[in-house]
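Welcome, and please take a look at the sequence and the structure below.

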Amino acid sequence: MGRRGAGITAVAGWVPPTVLTNFHLEKFVETSDTWIRERTGIRERRILVERDRTTSDMAVYAIHQLLRKRGLAPEDIDLVICCTVTPDHVFPATANIICDKAGLRRAWGFDLEAACSGFLYGLACAVQFVQNGMYERVLVVGAERMSAIMNYHDRTTCVIFGDGAGVVLVEPVVPELGVQVIRLYSDGSGRHALFQKAGGALHPPTIETVLNREHYVYQEGRAVFGHAVRRFTEVIEEVMDVAGLRSEEIDWLVPHQANLRIIKAVARTLRLPMEKVMVNIHKFGNTTSATIPLCLAEWEPRLRTGDRLILATFGGGFTWGAIYLRWAYDGSLVPESGRILDAFPGEGTANGQTEEKNSD
Ligand code: UT7
């Protein structure tokens, strides 16, 4: 008997209420709204300023919305894969904390670190667990508090990143739907182009590492840009080739949101009109492993059963990959479809739900 299919059957997203605009950043570093918009496409990003909340909390808010939308109980979840470069702690895994805070009493979980490619790596893992019949319901979370590792004196990085969380549910689906092709790659020789220099076992924290600001994101932007455009395009073309897909058959490209120029260059090479490309970088910036699930959550009302999606990413490591999937449900029928929540629970509308305040 052939394997059963596995697909995304629900999606949700949460971003912090605090908006950090390009104009705010002009006050911290030598930059301008014009430079940031023209070089990256970003106008604003969200940051979690509340000291008593962090990555796991953002993930939990997104998960609670997903469970509500699908009418599921916390006990229905078997496994949580938390993709992040900003875990609550070095250990234990943030997935453990999420299970506890979200009341997922039957679930176990683990963290997966593949920088901006984390979500695709995590989705690929979830699909294996579901396809082989081990689990029925797996959550893949991309959650990042990038502001915790951002040097707000470094104009080359602090204008790019933002905070947020997105989550998808992976469940069995008929084999014609769900994930069809997965291609993932890594090349560790690129590790020094985008990384956090200290805080790990190679350079544990010392007074010197703190004074040298080595606990923040470091990026050689131009070098990463070149690799990103090339790898993105290559891997998408490979997936299209394996699936026998022509450009005009793709309904949606869901690219990691690192830079609007990268996204446009890739779309141009693939001859995909920008109307078929999900883009939210202008309002959320680069939320690392959260960008793709946040896009899916926002576009959910427009997604139909059988739609052909390509999810693609490139990030630190280097890591990159693409996944071709057939969307498994009609997003227009889902309650709260398309709403990226951006208020803390209990601080929103009268029924305790939060209200969307995203500024397009
Ligand atoms: O998500 C993971 C993967 N990451 C990526 O894919 C990111 C890839 N890289 C990028 O998106 C772009 O390289 C950046 C947005 C990071 C930088 O844009 P760029 O067009 O590649 O700029 P650059 O690094 O080549 O710098 C051009 C100039 C430099 O000045 P000089 O040396 O020409 O005088 C920079 O110092 O722009 C300067 N610059 C800035 N100026 C104003 C760099 N950052 C800023 C800034 N505001 N924020």
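Here is a briefing on the fold, a helix and the ligand site.

This is a predicted model, in which local features need pLDDT of at least 70, side-chain atom pairs count only at pLDDT 80 or more, and totals for chains, interfaces and linings use all residues. Residues are numbered from 1 along each chain as its sequence is written, and side-chain values use heavy atoms, with hydrogens and water left out.

**Overall fold**
- The protein has 11 helices and 14 strands (DSSP runs numbered from the N terminus: H or I of at least four residues for helices, E of at least two for strands).
- Of its 360 residues, 57% count as buried, meaning under 20% relative accessible area with a 1.4 Å probe, protein chains only.
- The C-alpha atoms fill a box of roughly 60 × 45 × 40 Å along the principal axes.

**Helix α2**
- Asp33, Ile36 and Thr40 are the buried residues of α2 (residues 33-40).
- Seen down the axis of α2, these residues fall within an arc of 80° (from the directions of the C-beta atoms), so they line one face of the helix.
- They pack against α1 (22-25), β3 (44-46), α9 (260-269) and α10 (281-284), where contact means heavy atoms within 4.5 Å.

**Ligand site**
- The ligand is surrounded by 25 residues, and Thr31, Arg39, Arg222, Asn259 and Asn286 are the closest (a heavy atom within 4 Å).
- A polar side-chain atom of Arg222 is 2.6 Å from a ligand oxygen atom, and one of Arg261 is 2.9 Å from a ligand oxygen atom.

Methods: Buried means under 20% relative accessible area, exposed over 50%, partly exposed in between (1.4 Å probe, protein chains only). A polar contact is a pair of N or O atoms within 3.5 Å; within protein, one must be able to donate a hydrogen and the other to accept it, and residues adjacent in sequence count only if both atoms are side-chain atoms.
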